[in-house]
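Good morning, and thank you for making time for this presentation. I shall take the structure on the screen topic by topic, and I ask that you keep it in view.

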Amino acid sequence: MTQQTPYPPAMPYQAPQQQPPRNGIGITGFVLGLVGLVFSPIPFIGVVAWPLVILGLIFSIFGVVRVNKGVATNKVLSIVGIVASVIGLGVCVAWVFVFNQAVNEVQDEYNRTAAVTYDVTGDATGVEVTYGEALNPISETVSALPWTKQMENKGLIKGGMLTVMADETGGEVTCKITVDGTVVATNTASGPFAVAICTGT
């Protein structure tokens, strides 16, 4: 009588294990895009938004690609990350145009020549007058008032400066700066060694 070899017991059926969704890239893109969008409208600080929105856009796009491949489930979050990154990038680009325009306007204003008139009136005698551009002032001793001087100035502060100081005999002195026909500064002082200071714009 032959002995039969026993069959091994049947193994229970195990369903294939499902991989957890890989949502990390999409979430990263959403966070970077959102933070970049928040920073983008802020002057100067908005510079840090450039790398944030660019990386946010890249990561969010990869997040959508992963969703389409079936390895991620956060499609809505990734799409929101793309939208936030694109808006933030648009704001950054707009700031570049605004900044360039502002620089051009400042440069044009700096190079523009303005007609400037310095006037000193009063009853003081022997006054010391200092006038002109702030970085290149001119001094004169004036024995009698009124006194006037016309110049052409450049720079951001077209009017420059005008300072009048009376001597020990005192009296009243008044300074006035006119730029392109508009009075931009005037001031009056009186007494011994009185000083009147005018600063143009």
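This is a predicted model: local features need pLDDT of at least 70, side-chain atom pairs count only at pLDDT 80 or more; totals for chains, interfaces and linings use all residues.

The second largest pocket is lined by Tyr-110, Glu-133, Ala-134, Leu-135, Lys-154, Gly-155, Leu-156, Ile-157 and Gly-160. The term pocket needs its cut-offs: on a 1 Å grid over the protein atoms alone, where a 1.4 Å probe is used, a pocket is an open set of points with protein on both sides within 12 Å along at least five of seven lines, and lining residues have an atom within 4 Å of a point. The space in this second largest pocket amounts to about 210 Å³; a volume here is the space filled by probe spheres set on the points, with grid points joined across faces, edges and corners. Its lining has five nonpolar, two polar and two charged residues. In these classes Ala, Val, Leu, Ile, Met, Phe, Trp, Tyr, Cys and Pro count as nonpolar, Asp, Glu, Lys and Arg as charged, and the others, Gly among them, as polar.

Residues are numbered from 1 along each chain as its sequence is written, and side-chain values use heavy atoms, with hydrogens and water left out.

The largest pocket holds about 280 Å³ of space. Which helix gives the most to its lining? That is helix H3, residues 75-111, with five residues; helices (H or I, at least four residues) and strands (E, at least two) are DSSP runs numbered from the N terminus. Among the lining residues of the largest pocket are Trp-50, Cys-92, Trp-95, Val-96 and Phe-99. By class, this lining comprises ten nonpolar, two polar and no charged residues.

I turn now to helix packing. The axes of helix H1 (residues 24-39) and helix H2 (residues 49-69) come within 7 Å and cross at roughly 150°; axes are lines fitted to C-alpha atoms, for helices over the stretch in contact, and angles run from 0 to 180 degrees between N-to-C directions. H1 is therefore roughly antiparallel to H2, a term for angles over 145 degrees, whereas those under 35 count as roughly parallel. The residues of this contact (heavy atoms within 4.5 Å) divide into twelve nonpolar, eight polar and one charged.

How are H1 and H3 arranged, parallel or antiparallel? Their axes are 8 Å apart and the helices pack at an angle of about 30°, so H1 and H3 are roughly parallel to each other. In their contact there are eight nonpolar, seven polar and no charged residues. Gly-29, Phe-30 and Gly-33 are among the H1 residues that meet H3, where the partners include Gly-81, Ala-84 and Ser-85.

H2 and H3 also pack with their axes 8 Å apart, at an angle of about 155°, and are therefore roughly antiparallel to each other. Their contact has 15 nonpolar, eight polar and one charged residues. Trp-50 in H2 and Cys-92 and Val-96 in H3 are among the residues of this contact, and these residues also belong to the lining of the largest pocket.

Finally, two points of backbone geometry. Most residues other than glycine have a negative phi, and most peptide bonds are trans. The peptide bond from Leu-145 to Pro-146 is cis, with omega near 10°, and Pro-146 lies in the loop between strand E3 (136-142) and strand E4 (147-153). Asp-180, although not a glycine, has a positive phi of about 50°. The loop that holds Asp-180 runs between strand E6 (172-179) and strand E7 (182-190).

Definitions and conventions. Angles under 35 degrees count as roughly parallel, over 145 as roughly antiparallel, 65 to 115 as roughly perpendicular and the rest as oblique.
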